[in-house]
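Here is a briefing on one protein chain. Please keep the sequence and the model in view while reading.

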Amino acid sequence: MPALVNYAAEPESVEIREIPVPEIGDNDVLLAVQAVGVCGSDIHQCKGKQSWKVNYPVVLGHEFGGIIAKKGRNVRGFEEGDRVVSETHAVIDLTSPFTRQGLYNLDPNRRGYGAGVDGAMTPFVKVPDRILHHIPNQLAFEIAALTEPCCVAYNAACGNAGIKPGDSVAIIGPGPIGLLSALMAKISGAGDLVVIGTPADAKRLTVATELGATAVLGAQGEDVVAWTKNFRDGYGFDLVIDAAGVSAALKLAIDIVRPAGQISKVGWGPQPLNFSLDPLVQKAVTLQGSFSHNWPIWERVIGLLSSGQLDIRPVLNRVSPLEQWHEAFEDMHSGRIVKAVLKP
Ligand SMILES: [Zn+2]
């Protein structure tokens, strides 16, 4: 079967290759992939710019849903023909202290689809039953495939940060995770919701407005710190979500968070910071990392997507066959669109 394979660390080492259909074990299902989201991390790996370990060669794709084509003999609760989505935690250590407390996403030995283990940019993928979730018939696979990034955003906004109705929330970085975090903040009752980008993000900031942001900043190179001094009482935001990751974004987050406020950092940035963290101390700000998601978050997000309470349609701008992967990657990389989904 065809598969989109990332075969080496050098930039642009991605191509469609023929691979065998995977053999499943007793606790696995063979999933016929119906839709798979393109993630910024797929693009980072394609460009050779990722800061995580990759097991080359590996099939890309970790945001996916499909129909169970075959099940192992120990699989309970799932049948052939069931519509499901899968978490990304393909391999975990069941005895790790983090797994034992339900935080298997933080198990240092965890291996995820598309980097540690062959992912879903191919017609069939092997999935252990412990990470499957049923989805209702009314939830289209193109939308369901984006459960994973919605779970990342859920954790950044509502898990590792707890938005309360009326909170003022700023999101730095209007990429897919930033925009989905904005949606999560909106449905959590954020009072003011400000999305911050750069002139290169003009298109994505338009989408932020469509999603319900009360203000968008940065498309014209606005001075965000000066703007914040004239916002509400002038002391800054209750919560700042850093969905950009570069050190300048954390610097800005520290500048615009209010005393005793919180910063939720979900964006990655391998470079050193090069600025003082003293304002964090002086303002007694909580700086909270947020990584991945786990079972209860998936169940909640599937509920939100199925009921329509979480409407991500403005973020999904392209659905293409797998063969058009390169155009889809480039559309996202250039910022022309927010998110693409492939149909293998
Ligand atoms: Zn992702």
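Ala-284 lies in the loop between α9 (278-282) and β14 (286-289); helices (H or I, at least four residues) and strands (E, at least two) are DSSP runs, numbered from the N terminus. Ala-284 has a positive phi of about 50°, although it is not a glycine. This is a predicted model, in which local features need pLDDT of at least 70 and side-chain atom pairs count only at pLDDT 80 or more, while totals for chains, interfaces and linings use all residues. Residues are numbered from 1 along each chain as its sequence is written, and side-chain values use heavy atoms, with hydrogens and water left out.

**Backbone geometry**

- Most residues other than glycine have a negative phi, and most peptide bonds are trans.
- Ala-284 counts as exposed because its relative accessibility is 54%; buried means under 20% relative accessible area, exposed over 50%, and partly exposed in between (1.4 Å probe, protein chains only).
- Glu-12 is not a glycine either, and its phi is positive, near 65°.
- Glu-12 sits in the loop between β1 (2-6) and β2 (14-18).
- With a relative accessible area of 40%, Glu-12 is partly exposed.
- The peptide bond from Tyr-56 to Pro-57 is cis, with omega near -10°.
- Pro-57 is in the loop between α1 (40-46) and β4 (58-59).

**Salt bridges**

- The structure holds 16 salt bridges, each being a side-chain nitrogen of Lys or Arg within 4 Å of a carboxyl oxygen of Asp or Glu.
- Asp-26 pairs with Arg-73 in a salt bridge, the closest N and O atoms being 3.3 Å apart.
- That pair links distant parts of the chain, 47 residues apart: Asp-26 is in the loop between β2 and β3 (28-37), and Arg-73 is in the loop between β5 (63-71) and β6 (83-86).
- Asp-26 is partly exposed at 35% relative accessibility, whereas Arg-73 is exposed at 66%.
- Asp-331 forms a salt bridge with Arg-318, and their closest N and O atoms are 2.9 Å apart.
- This pair also links distant parts of the chain, 13 residues apart: Asp-331 is in helix α11 (residues 325-333), Arg-318 in strand β15 (residues 316-321).
- Asp-331 is buried at 15% relative accessibility, and Arg-318 is buried at 17%.
- Asp-201 and Arg-204 form a salt bridge with closest N and O atoms 3.8 Å apart, and both residues are buried.
- Glu-12 returns here: with Lys-47 and Glu-330, it is linked in a network of salt bridges.

**Nonpolar surface**

- Phe-98, Leu-106, Trp-268 and Phe-291 make a nonpolar surface patch of about 400 Å².
- Patches are made of residues with over 30% relative accessible area and no salt bridge; like charges are joined within 9 Å, and nonpolar side chains (Val, Leu, Ile, Met, Phe, Trp, Tyr) within 5 Å.
- Leu-106 is in the loop between α2 (97-100) and β7 (124-128).
- Leu-106 is partly exposed, at 40% relative accessibility.

**Whole chain**

- The secondary structure comes to eleven helices and 16 strands.
- The C-alpha trace spans about 60 × 40 × 35 Å along its principal axes.
- Buried residues make up 54% of the 344 residues.
- Among contacts (heavy atoms within 4.5 Å) between residues at least 6 apart in sequence, 68% join residues at least 24 apart.

Note on methods:
Accessible areas come from the Shrake-Rupley method with a 1.4 Å probe; for residues, only the protein chains shown count as cover.
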